[in-house]
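Subject: Structure for you to look at

Hello,

Here is the structure I said I would pass on. My notes follow it.

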Amino acid sequence: MRYFSLVMLASIHLLASGIDANACITFAQMDLSDVKFADVVVVGKIRNYKIVEDPKVREIQKKRCENKNTADDRYCKMRSFLSDYAQFQIEVDTVLKGEPDESVSVTWDNSTFGEPISLGEENERFLIALRAANSNMPPLRGPSAFISANPSPELLTVLQAPCSSPFIFKFPGETASKVKDILDGKDPGDAGSTNPKSGLY
């Protein structure tokens with residue numbers, strides 16, 4: 001797992017402050033036209049989903065809490081942190097943009113909300129938009145956000161504007177259809193924006 005020094009210092013500061021995996025003051029409305037920032041958009045099944053825990057911050061937590069009464073210390077009870085991330089494979093059924101392989105390994109650093117423990121049923125399909133580490137990301141639309149470096153820059157990562165929702169949508173579904181329309185060059189009109197919790201959750 002790679003980090004830029006500035007990001008590590010920020011993570012340590014947040015840990016010392018006892019801040020958990022949700023670093024957003026408010027949630028930003030999702031703009032579906034942000035799909036233009038994607039390098040790859042596919043429909044497929046999620047496989048081998050796992051949470052990758054940051055061992056460095058857990059070592060910091062362990063040292064800090066060794067001599068504390070953990071029953072009264074919120075920080076010592078924390079189990080997820082901003083520097084944790086999810087990694088999974090997409091078994092691709094349909095390619096909507098880009099030229100991915102039939103199976104794509106990706107990361108998801110959902111530092112705005114925190115990653116779920118599991119994602120996707122056995123035969124459940126999703127429309128997922130992805131971008132490369134060196135590609136532009138959607139702009140910040142909320143008052144603040146913690147933006148970390150891509151933990152595995154050699155892999156594609158889930159497209160997500162800071163403090164908004166990830167481009168992971170159940171397929172078939174209303175929101176997935178809107179995203180497909182945008183990719184096809186159709187004007188989504190007022191349907192281009194949606195609530196930050198729609199689609200995945």
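Strand β5 is joined to strand β6 (residues 156-158) by 2 bridges, and the two run antiparallel. Strands here are DSSP runs of E with at least two residues, numbered from the N terminus, and two of them pair if DSSP finds at least two bridges between them. Opposite Leu130 stands Val158 in β6.

This is a predicted model, in which local features need pLDDT of at least 70 and side-chain atom pairs count only at pLDDT 80 or more, while totals for chains, interfaces and linings use all residues. Residues are numbered from 1 along each chain as its sequence is written, and side-chain values use heavy atoms, with hydrogens and water left out.

β5 also runs antiparallel to strand β2 (residues 40-52), with 6 bridges between them; Phe126 in β5 has Gly44 opposite. With β7, the antiparallel pairing of β5 covers 4 bridges, and there the bridge partner of Phe126 is Lys170.

Strand β5 (residues 125-131) is largely enclosed by the rest of the structure, because 6 of its 7 residues are buried (under 20% relative accessible area, with a 1.4 Å probe and protein chains only).

Phe171 belongs to strand β7 (residues 168-171). Apart from neighbours within four places in sequence, Phe171 is in contact (heavy atoms within 4.5 Å) with Val43, Arg125, Phe126, Leu127, Ala176 and Lys180. From Phe171 to Glu124 the C-alpha to C-alpha distance is 7.9 Å, with the two 47 residues apart in sequence.

Regards

How values were computed: Buried < 20%, exposed > 50% of the residue type's maximum accessible area, 1.4 Å probe, protein only.
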